[in-house]
Structure formats: C-alpha cells, structure tokens
Amino acid sequence: MTQNHVSGMETSAISVLKRAVELDQSGRFQESLVCYQEGIQLLMDVLKAVKDDSKRGHYRDKIKGYMDRAEQIKAHVNQMKEDGKYHEQIRIAEDATGYSYEALFKPYISSVLTEVWVEDPYIRHIHQLYNFLRFCEMLLKASCKVKRIHLLTTQDEVSYFREVLSSLLCSLSAQGGFSYQKNILFNNGWIIKIGRGLDYFKKPKGRFSVGYCDYDLRQCQETTVDIFHTKHTKTL
C-alpha cells in the first residue's frame, strides 16, 4: 500500500471522526455512533498499513479512545430504547444541504430491517412521487433486506397519479413488496417524523444546476426531524 493511499485513509478517518464528535456533542447519538464505527474501521486499516512503532502506538491509543466513547454511546442509546425514552431531534435549516435520504436514514437502517411504513398525505405531485421512488431506491440499496414498503397517503383523482403509482407498484413488486397503507416506521423499532414529510427539498434552479441529480447537494426547506424508538414493532 502506497504512502499516498495511507495518507488518504487517514484524512478520511479524521474527517469522519470529526463529524462523529460534532454529532456526539449535539446529542445526535445514533448518527454519531455510525460515524464512530466508520472512523474506527478506517483508523484500523491505517494501523495495519503503518510500520513505524511510534505511529502504531499513537493509532492504537486513538482507536481505544474512540472505541471507549462509542461503547458508552451504544450503552446509553440501548438504555434509552429499553426505557422507551429515546428521542432525538434534527433541525434542518433553510437552504441547508447534506440531507439526502441516504444521509438522513442510514443511521437507523440495520440488517434486521425487512418492512417499512410511510405515512405521508402529500405524495400527489410528480416531484413528490419521484421523492418516494428515491426513498424506495435508497432502501433497496441499503444494508438490509426490505421485503415490503407500505405507503399511506391521500387519494387523488388525477389520472396520472394512479398511473404512476401503478407503474411504481409493478417495479417494486419485482424487488420485494409494496402496499398502500408523514411518519416513517421501520420494523426494527425506529420511527422518523419529518415536519414536511419526504418533500423537504427545494426545487432546483434548473435541470443543469448543482443538486438536480445529487440530493446531498440539493438545498432544503426548513423543517425538523424527530426520531423515536419503540420496542412494539410491526411484523410481517
């Protein structure tokens, strides 16, 4: 492994762990835990590649410190879940970026997740249907085995609405399951309530403007995201 490669991994680890500390300090513990885990893995990869004993000792100390903090957070989160008191709030500022569905939901997706319920009364217009499709695609790419995605929304008599949902149903059926059922409930216990539902992105300035394709770069409308956890989960 080249020195440039090792330096690159170290830079990535520092960036991820810096984000972990920021999330930790702001009380966003589940998100910080994911970042700690990713950062620690990157540092362990660096440790394997480094030959200098003094540097190896430095990395070991850093890894131990981050692992100890990650374990503390994990124990705290698990206790809050057990007590039924877990609540976390994320405030998305006007024009903020970095809140794609992948970024927002990743900390709450696990290998045991198999079923998702989406309750959003405002999935009617074409861009809102595309948002829901992007959300479904995110789940299909994630490290879980989602078998069913339920959508509960208001009915619309516009013909294209029914046609688009019918087309989406056929597409998703080939991947797993879909049924018609603002809240998002995962059957691993996580409940995510978004003030604006899935439609919290601003309209891009044009089809060739930054953020049109990559939702991490898309500006957001101001909203809040409340995260809860319950032991009473729905099952297949």
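These legends describe close-up views of a predicted model.

**View 1. The largest pocket and the residues at its centre.**
The largest pocket has a volume of about 460 Å³. Its lining counts 21 residues. Nearest the centre lie Lys106, Pro107, Tyr108, Ile109 and Ser110. Sorted by class, the lining holds nine nonpolar, seven polar and five charged residues.

**View 2. Helices and domains around the largest pocket.**
Three helices each give at least two residues to the lining of the largest pocket: α2 (29–49), α3 (53–83) and α5 (126–141). Domain 1 spans 3–83 and domain 2 spans 87–229. The largest pocket lies between these domains, because both supply residues to its lining.

**View 3. Strands β2 and β5.**
Strand β2 covers residues 115–119, and strand β5 covers residues 183–186. The two run antiparallel and are joined by four bridges.

**View 4. Strands β5 and β6.**
On β5, strand β6 (residues 190–194) also pairs in the antiparallel sense. Three bridges link β5 and β6. Asparagine 183 finds its bridge partner in lysine 193 of β6.

**View 5. The turn of the β5 and β6 hairpin.**
Three residues sit between the strands of this hairpin. In the hairpin, glycine 189 adopts a positive phi near 110°.

Note on methods: Residues numbered from 1 in each chain as written. Predicted model: local features only at pLDDT ≥ 70, side-chain atom pairs only at ≥ 80, totals over all residues. Heavy atoms only, no water. 1 Å grid on protein atoms, 1.4 Å probe; cavity = no way out; pocket = protein on both sides within 12 Å on 5 of 7 lines; lining within 4 Å. Points joined across faces, edges and corners; volume = space filled by probe spheres on them. Nonpolar A, V, L, I, M, F, W, Y, C, P; charged D, E, K, R; others polar. Domains from an automatic or database assignment. Pairing = 2+ DSSP bridges.
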